[in-house]
Amino acid sequence: MDLKDSQTRVNLMRAYAGESQARNRYSFAQKKLIEQKQFVAADLFRWTADQEKEHARIFYEHLQKGGVEETEIQAAFPVDKDSCDMVCLFQSAAEHEFKENEQIYPEFARIAREEGFSQIAQDFENIASIEKSHGERFRRFAQLQSEDRLYSSDESVIWVCTNCGYILEGTQVPQNCPVCHGEQGYYIRLDMADWGLYK
């Protein structure tokens, strides 16, 4: 089957559009969190936005290689409330990432495979697994913030100031780093730094 005559063409364009709008929503969230001096949270959105851009590129290149010049789509895209706080931003992002992982991309992969586009199907499946990890990170941040434990813990943990690299062990972080005097929003649990920014 020619990509130009397939449902996979439409699904690729929907995926490209979805990843592109997610990148922008995350960039907007990043800006909002920087204004609130929540620097690690802002960095999480920035880092994820960069990955969404890469996903969009992958889908776009499939369209280009398939000779697709234009595709009309109909799709629904989320809009975060203007009053959305940090917990709301994380929860909204997690919800949409899990929807891509559990529903949208598996269905797109199934259709692509049925239509004979095995590499496109594989890309949908691989990106679906990435979206799951995005959702899990966002959900963990939302949970910690909603429980007022983003900067405190019931047990002693290791924290790192992402501004200067200072490491401390304890049940909470100071309002300002004792080394660089950066705000509390620069701190993260060291075991949460595994998403690639600070390790």
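## Q64, partly exposed in α2

At 47% relative accessibility, Q64 counts as partly exposed, because that label covers everything between buried (under 20% relative accessible area) and exposed (over 50%), worked out with a 1.4 Å probe and protein chains only. Q64 belongs to helix α2, which takes in residues 39–65. Helices here are DSSP runs of H or I with at least four residues, strands are runs of E with at least two, and both are numbered from the N terminus. If you hop from Q64 to N24, you cover 40 residues along the chain, and their C-alpha atoms are separated by 22 Å.

A quick word on where this comes from: the model is predicted, local features need pLDDT of at least 70, side-chain atom pairs count only at pLDDT 80 or more, and totals for chains, interfaces and linings use all residues. Residues are numbered from 1 along each chain as its sequence is written, and side-chain values use heavy atoms, with hydrogens and water left out.

## Two buried helix residues

F39 is also found in helix α2. This one is buried, with a relative accessible area of 15%. Setting aside neighbours within four places in sequence, F39 is in contact (heavy atoms within 4.5 Å) with I34, E183, G185 and Y186. Y187 sits 148 residues away from F39 along the chain, yet the C-alpha atoms of the two are separated by 8.3 Å.

Over in helix α1 (residues 7–35) you'll find N11. With 2% relative accessibility, N11 counts as buried. Not counting residues up to four places away in sequence, N11 touches F108, I111 and F124.

## The sheet

Now for the strands. Three of them make an open sheet in the order β2-β1-β3, with antiparallel pairing. The edges are β2 (167–172) and β3 (187–189), each pairing on one side only. From one strand to the next, the twist averages 40°; for this kind of angle, axes are lines fitted to C-alpha atoms, for helices over the stretch in contact, and values run from 0 to 180 degrees between N-to-C directions. Two strands pair if DSSP finds at least two bridges between them.

β1 and β2 run antiparallel and share five bridges, and I158 stands opposite E169 in β2. The β1–β2 hairpin has five residues between the strands, and G165 takes a positive phi near 95° there. V160 stands opposite I188 in β3, while W159 has R189 as its bridge partner in β3.

## The whole protein

Stepping back, the protein has four helices and three strands, running α-α-α-α-β-β-β from the N terminus on. Its C-alpha trace spans about 60 × 30 × 25 Å along the principal axes. Of the 199 residues, 45% are buried. Among contacts with a separation of 6 or more, 70% come from residues 24 or more positions apart.

The accessible surface comes to about 10,600 Å², and 45% of that belongs to carbon and sulfur atoms; areas come from the Shrake-Rupley method with a 1.4 Å probe, and for residues only the protein chains shown count as cover. As for charge, there are 23 positive and 34 negative side chains, and the centres of the two sets lie 1 Å apart. Lys and Arg count as positive and Asp and Glu as negative, leaving out His and the chain ends; each charge is placed at NZ of Lys, CZ of Arg, CG of Asp or CD of Glu.
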